[in-house]
Amino acid sequence: MYALQHGYREPFVYLSLAHSLAAQDQIDQALKINNEMFSLSQGEARAFMEAYFQRGDFLLRKKHYDRARSFYEKGIVVATKLGLRTELSRTLADLRKALEGDAEMRQGGKDILRLLEGSVAHVQSNPLYDEPSACELESPASMANERGIPNNF
């Protein structure tokens with residue numbers, strides 16, 4: 001919070017603060033900070049990918065499964081384009097862990113889990129993704145209405 005209050009507007013700050021708030025079960029505040037991340041005009045595609053996955057996780061925890069799936073899909077698209085095998089595998093492992101303790105979330109998140117498993121299998125088996133790449137990305141705010149679901153909650 002101190003960094004944001006003093007003008008340090010970097011994706012890492014937003015992602016870290018949102019993660020910290022979520023760890024304290026302050027999901028609504030985490031969603032608000034995550035949404036502020038999308039107000040940045042540009043940044044590394046990887047940071048926006050993390051924000052998409054983070055937002056999907058927060059929405060999943062609120063049991064808004066369709067909205068969560070939309071953000072996981074957006075994150076998967078960016079991760080796949082960048083060939084980020086490790087990040088996809090880590091996200092899959094985190095999702096499995098989150099779903100194992102809650103039967104309702106496990107049922108609601110099963111489509112997201114299958115989608116992520118398929119993406120990981122695709123990236124792991126495709127030699128095109130042997131070398132990760134990096135790129136800059138305009139703020140996804142312009143892509144906000146993909147599938148009719150705005151970035152803000």
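# Reading a predicted helical chain

In helix α6 of this predicted model, the residues Glu-87, Leu-88, Thr-91, Leu-92, Leu-95 and Leu-99 are buried.

Me: How are the buried residues of α6 arranged around the helix axis?

Reply: A helix can be viewed down its axis to see where its buried residues point. In α6 the buried residues lie within an arc of 135 degrees, so they line one face of the helix. Exposed residues on the face turned away from that buried side are Thr-86, Lys-97 and Glu-100.

Me: What do the buried residues of α6 pack against?

Reply: Their partners are α4, α5, α7 (103–108) and α8.

Me: How do I check the length of α6?

Reply: Compare the end-to-end distance with the span expected from the residue count. Helix α6 has 16 residues and reaches 23 Å from its first C-alpha to its last, close to the 22 Å expected at 1.5 Å a residue.

Me: What does that check give for α8?

Reply: Helix α8 covers residues 110–125, and its 16 residues should span 22 Å at 1.5 Å a residue. The end C-alpha atoms of α8 are 22 Å apart, which agrees.

Me: Which residues of α8 are buried, and how do they fall around its axis?

Reply: The buried residues of α8 are Ile-112, Leu-113, Leu-116, Ser-119, Val-120 and Val-123. Seen down the axis of α8, they fall within an arc of 130 degrees, so they line one face of the helix. The cover over these residues includes α4 (45–61), α5 (65–82) and α6 (85–100).

Me: Where is Val-78 found, and which residues is it in contact with beyond its neighbours in sequence?

Reply: Val-78 is found in helix α5. With a relative accessible area of 12%, Val-78 is buried. Leaving aside neighbours within four places in sequence, Val-78 is in contact with Ala-45, Met-49 and Tyr-52. Sequence separation and distance in space can be read side by side here: Val-78 and Met-49 are 29 residues apart in sequence and 5.9 Å apart in space, C-alpha to C-alpha.

Me: How should I read the way α5 and α6 cross?

Reply: Two numbers describe a helix pair: how close the axes come and the angle between them. The axes of α5 and α6 come within 11 Å and cross at roughly 155 degrees. An angle over 145 degrees counts as roughly antiparallel, and that makes α5 roughly antiparallel to α6. Tyr-72, Ile-76, Ala-79 and Thr-80 of α5 make the contact with Leu-88, Thr-91 and Leu-95 of α6. By class, the residues of this contact are five nonpolar, two polar and no charged.

Me: At what angle do the axes of α2 and α3 cross?

Reply: Helix α2 (residues 11–23) and helix α3 (residues 27–37) have axes that come within 8 Å and cross at roughly 170 degrees. That makes α2 roughly antiparallel to α3. On the α2 side the contact is made by Pro-11, Tyr-14, Leu-17, Ala-18, Leu-21 and Ala-22, and on the α3 side by Ile-27, Gln-29, Ala-30, Ile-33, Asn-34, Glu-36 and Met-37. This contact has 10 nonpolar, two polar and one charged residues.

Me: How many helices and strands does the chain have?

Reply: The chain has eight helices and two strands. Along the sequence they follow the pattern α-α-α-β-α-α-α-α-α-β.

Me: What do the totals for the chain say about burial and contacts?

Reply: Of the 153 residues in the chain, 43% are buried. Among contacts between residues at least 6 apart in sequence, 68% join residues at least 24 apart.

Definitions and conventions:
Residues numbered from 1 in each chain as written. Predicted model: local features only at pLDDT ≥ 70, side-chain atom pairs only at ≥ 80, totals over all residues. Heavy atoms only, no water. Helix = DSSP H or I, 4+ residues; strand = E, 2+ residues; numbered from the N terminus. Expected span 1.5 Å × (residues − 1). Buried < 20%, exposed > 50% of the residue type's maximum accessible area, 1.4 Å probe, protein only. Arc of directions from axis to C-beta. Contact = heavy atoms within 4.5 Å. Axes fitted to C-alpha atoms, helices over the stretch in contact; angles between N-to-C directions. Parallel < 35°, antiparallel > 145°, perpendicular 65-115°, else oblique. Nonpolar A, V, L, I, M, F, W, Y, C, P; charged D, E, K, R; others polar.
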